[in-house]
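Me: Hi! Could you walk me through this structure in plain words?

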Amino acid sequence: MSDAAIGAAAAAAATLLFEVRGLRASFDGNPVLRIDCAPVTSFESGRLGDLVADLRDTLENFRRSNGFGRAIAAPQIGVTERIIYIDAGEPVAMVNPVIVRRSRKQMTLWDDCFSFPDLMVRVKRNLAVLVRYQDREGRKQELEAEGSLSELLQHEIDHVHGILAVDRAIDSKHIVYRTELERAAKERMEVVL
Ligand SMILES: [Zn+2]
């Protein structure tokens with residue numbers, strides 16, 4: 001086999017692997033999304049690193065085909081462990097994340113999710129949170145976040161406890177199709193009063 005042929009075969013294999021990873025994404029209705037996930041207790045093997053790479057690749061794949069997505073939680077690739085991966089500027093993998101402080105001030109916003117990509121949900125979240133977590137080596141870390149990063153963390157941490165954004169809708173009228181919301185925004189209409 002020539003070098004070029006070997007390169008092409010390797011690229012094809014990489015694409016296949018990528019697609020297989022993408023196919024593992026879980027969508028609303030899959031019971032795996034409703035499990036209160038187990039904490040991670042072992043940081044010894046390379047398994048955690050593989051899992052984080054899988055989360056990163058699946059998120060990148062999803063973002064390429066759907067045009068949105070800033071974070072992913074392990075149950076969304078069928079793994080029921082408390083791991084989330086955030087890529088909102090500086091990528092960070094959080095193991096066993098816990099919200100230890102929430103601002104009293106709240107914000108209301110439209111939220112979306114990888115696991116029901118066609119829907120938008122109006123939710124109320126805390127404006128700021130303090131999250132404690134472990135990095136992939138098991139070291140204790142903290143992250144304080146406000147605004148959209150705070151909302152993202154609350155969304156992803158909900159995922160590892162089997163809670164979806166649709167559960168947080170301010171009411172049932174505020175679960176709508178993305179296309180309708182976008183159309184209304186273009187026409188400057190209020191979708192739901
Ligand atoms: Zn989600």
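This is a predicted model: local features need pLDDT of at least 70, side-chain atom pairs count only at pLDDT 80 or more; totals for chains, interfaces and linings use all residues.

Me: Which strands form the open sheet?
Reply: Five of them, in the order β1-β2-β3-β6-β7, with antiparallel pairing. Two strands pair if DSSP finds at least two bridges between them. β1 (71–73) and β7 each have a single partner strand, so one side of each is left without a neighbour in the sheet.

Me: What joins β6 to β7?
Reply: Seven bridges link β6 (residues 128–134) to β7 (residues 140–146). One example is V129, whose bridge partner in β7 is A145. Five residues lie between the two strands of this hairpin, and G138 has a positive phi near 90° there.

Me: How about β1 and β2, how many bridges join them?
Reply: Three bridges, and these strands run antiparallel, with β2 covering residues 83–86. I72 stands opposite Y85 in β2.

Me: Switching to helices: which residues are buried in α2?
Reply: L48, L51, V52, L55, T58 and L59 are buried. Buried means that 20 or more other C-beta atoms, placed from the backbone, lie within 10 Å of the residue's own; exposed means 12 or fewer, and partly exposed is in between.

Me: Why are they on the same side of α2?
Reply: They cover an arc of only 125° around the axis, which puts them on the same side of α2. That arc is taken from the directions from the helix axis to the C-beta atoms. In general, an α-helix has 3.6 residues a turn, so residues three or four places apart point the same way.

Me: What does the face turned away from the buried side carry?
Reply: Exposed residues: D50, R64 and S65. Just after α2, G67 has a positive phi of about 80°.

Me: Last one: how many residues of α4 are buried?
Reply: Zero of its nine residues (178–186), so to speak hardly covered. R188 follows α4, with a positive phi near 55°.

Methods
Residues are numbered from 1 along each chain as its sequence is written. Helices (H or I, at least four residues) and strands (E, at least two) are DSSP runs, numbered from the N terminus.
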